[in-house]
Amino acid sequence: MIKGLHLTQVYLVIALLLILIGVGLVSATFGQAPLSIAQVLEGLSGPEDSGLSIIIRELRLPRIILGMFVGAALGFSGAALQGLLRNPLAEPGVIGVTASASLGAVVAIYFGLTAFSTYAVPVFSMFGALLATMVVLAVAARDASVLTLILTGIGLSSLATALISLVMNFAPNPMSLRDMVLWMLGSLENRTTDDLSLAVPFIILGWLLMIGVGQGLNALALGEDAATTLGVNLKRLRWRIIAGTALSVGAAVSVCGGIGFVGLVVPHIVRFFVGSEPRHILLPSAIAGAILLTLADIITRLPFGNGQLQLGVVTAFIGAPVFLVIVYKTREAMR
Amino acid sequence: MSSKIETAGLALHGVGVALGGQQIIEDISFDVKPGEVVGLIGANGAGKSTAVRAALNLVKLAAGHIAVDGVDTASLNLKERAKLMSYVPQGTPVHWPLVAERLVALGRTPHLGPWDKISNAEQEIIKAAMVETDTWHLRERIATTLSGGETARLMLARTIAVGAPYMLADEPTAALDPYHRLQVMDIMRAQAKAGTGILIVLHDLSFAQNYCDKLVLLHKGKILDQGDTRQVLSDKNLMEAFQISVSRWSDGNTDYLMPSTGVTPASEAS
């Protein structure tokens with residue numbers, strides 16, 4: 001994958017991976033029993049049946065890895081969608097998958113299905129994401145313009161949001177209303193290997209669909225006609241990115257809830273370092289997304305949060321100021 | 001069939017295009033030989049852009065077919081077509097603040113696999129295209145911060161970098177000042193001299209007369225006349241296609257024509 005990248009991109013990718021490993025280790029020190037980095041490393045390398053090893057490998061690692069996958073899914077999809085839609089404001093939510101996945105989750109909570117199975121919320125959520133994906137893909141398959149795609153996504157999001165409001169409005173009791181709101185703010189709390197094995201296959205499948213889209217996205221910087229006359233199959237490019245985003249982001253939202261801002265902000269942070277070529281920001285955006293989410297998850301577990309701080313709130317709090325600074329710094333070139 | 005020599009060229013055969021139930025162009029047939037600059041002229045809405053887009057297979061043909069050197073382009077895949085015909089769309093926007101040299105490098109896309117890097121040989125082609133369009137000194141600039149003239153030349157460099165035997169340009173001189181118009185036309189002529197067949201949409205009738213080897217005049221989606229520039233730019237044709245009379249004069253070897261009086265469309269009804 002490194003082959004198409006310039007040297008500065010290679011360095012950036014290596015640096016980002018090192019940072020990711022670093023924040024991952026730090027994240028593993030947080031939990032019910034605070035551990036040192038040395039203890040974390042011991043838990044990772046020690047015998048499998050030691051107490052330390054069980055805490056690290058079975059409790060903390062799944063949560064950290066899930067967070068990394070979710071962050072990477074959001075970052076990568078954000079970068080790919082911004083390239084496809086040629087719009088720096090695009091984020092995975094614009095194709096309507098996020099809101100539809102949330103609707104699925106809220107419906108599951110409304111009917112109290114969580115009492116029957118811990119899978120109820122993620123499965124309903126995935127079903128919501130799937131429905132939205134099928135609508136958007138049906139539109140994309142008719143060779144629709146980018147504008148039509150965005151408008152379809154906005155329409156789907158609005159509809160899903162309206163239905164979410166309706167469900168909340170009729171929430172059977174305050175507890176379930178509270179569950180709905182908290183779910184929509186996003187969290188990695190108490191996520192286990194079950195959630196990991198539910199979401200990660202779809203996230204990876206989505207990425208596989210999007211492998212090698214960089215060249216087409218670069219050519220698309222010149223517009224659709226120019227890209228076509230440069231040999232880019234736009235219909236296929238659109239299909240791959242929308243289906244890929246829907247799968248990976250749909251799966252991510254299903255297990256972690258609505259986590260805003262990562263998909264929007266991360267590509268901008270990466271552009272600041274490697275320039276605006278759509279192709280060069282894809283891989284770094286995935287890793288930077290994983291870093292941002294892991295960092296945010298550490299912050300949710302800092303003492304001042306009292307264990308009440310939700311992940312989506314923190315990502316927005318980190319993301320928004322960084323976003324504003326970058327928008328200000330790049331205002332000359334972005335016209 | 002005819003010999004190789006006769007089939008050399010980009011040829012439209014009886015091409016028709018309908019968009020939204022409306023017939024935009026009908027029965028369009030003309031060809032562009034290697035080394036030739038063919039000007040496509042006509043009033044607004046005559047179907048010039050559609051004809052160019054049809055030649056590039058960017059719109060669905062309702063009738064006819066396109067052949068390049070005797071091969072039906074509908075039988076080729078996107079990459080094969082991309083290597084045969086390069087395109088300068090009208091007023092191409094740049095959607096991201098790309099570095100100028102990287103933008104020109106996009107012209108090599110049809111020649112690269114999804115993971116290929118720009119090789120030294122590719123780099124030489126990119127540099128040559130930028131030198132020829134006088135944009136090499138801008139190579140490290142951000143494309144979105146360049147002036148209109150610089151952007152137009154950069155787009156031309158991007159198109160030349162494709163290295164296709166045929167180039168189709170939709171109003172590449174629009175929005176340029178007189179000096180940069182001349183510069184762009186000179187670049188086009190130099191490309192033709194090197195063997196490229198060029199189809200160019202033009203509004204300036206003097207440019208059409210002085211820079212083109214052949215003209216195709218479109219009127220209401222059909223070809224009104226084509227061939228020698230003087231013959232196509234006759235008073236009668238210009239009156240019918242543009243509803244204008246022109247003044248003509250010569251300066252040395254160069255002929256000029258300038259619209260002098262317009263007539264109201266009503267008087268043209270017959």
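**View 1. Helix 6 of chain A, end to end.** Helix 6 of chain A covers residues 146-169, 24 residues in total. From first C-alpha to last it reaches 34 Å, close to the 34 Å expected at 1.5 Å a residue; the expected span is 1.5 Å times one less than the number of residues. Helices are DSSP runs (H or I, at least four residues), numbered from the N terminus. This is a predicted model: local features need pLDDT of at least 70, side-chain atom pairs count only at pLDDT 80 or more, and totals for chains, interfaces and linings use all residues. Residues are numbered from 1 along each chain as its sequence is written, chains are lettered from A in the order written, and side-chain values use heavy atoms, without hydrogens and water.

**View 2**

**View 3. Chain A against chain B.** In contact (heavy atoms within 4.5 Å) are 37 residues of chain A and 34 of chain B. The two chains bury about 3,000 Å² between them, 63% of it on carbon and sulfur atoms; this is accessible area (1.4 Å probe) lost on being put together, summed over both. Gln215(A), Leu222(A) and Leu230(A) supply 22% of the area that chain A buries against chain B, more than any other three residues.

**View 4. A salt bridge between the chains.** Arg53(B) and Asp225(A) join their side chains in a salt bridge, 2.8 Å from N to O. The count between chain A and chain B is two (side-chain nitrogen of Lys or Arg within 4 Å of a carboxyl oxygen of Asp or Glu).

Conventions. Helices (H or I, at least four residues) and strands (E, at least two) are DSSP runs, numbered from the N terminus.
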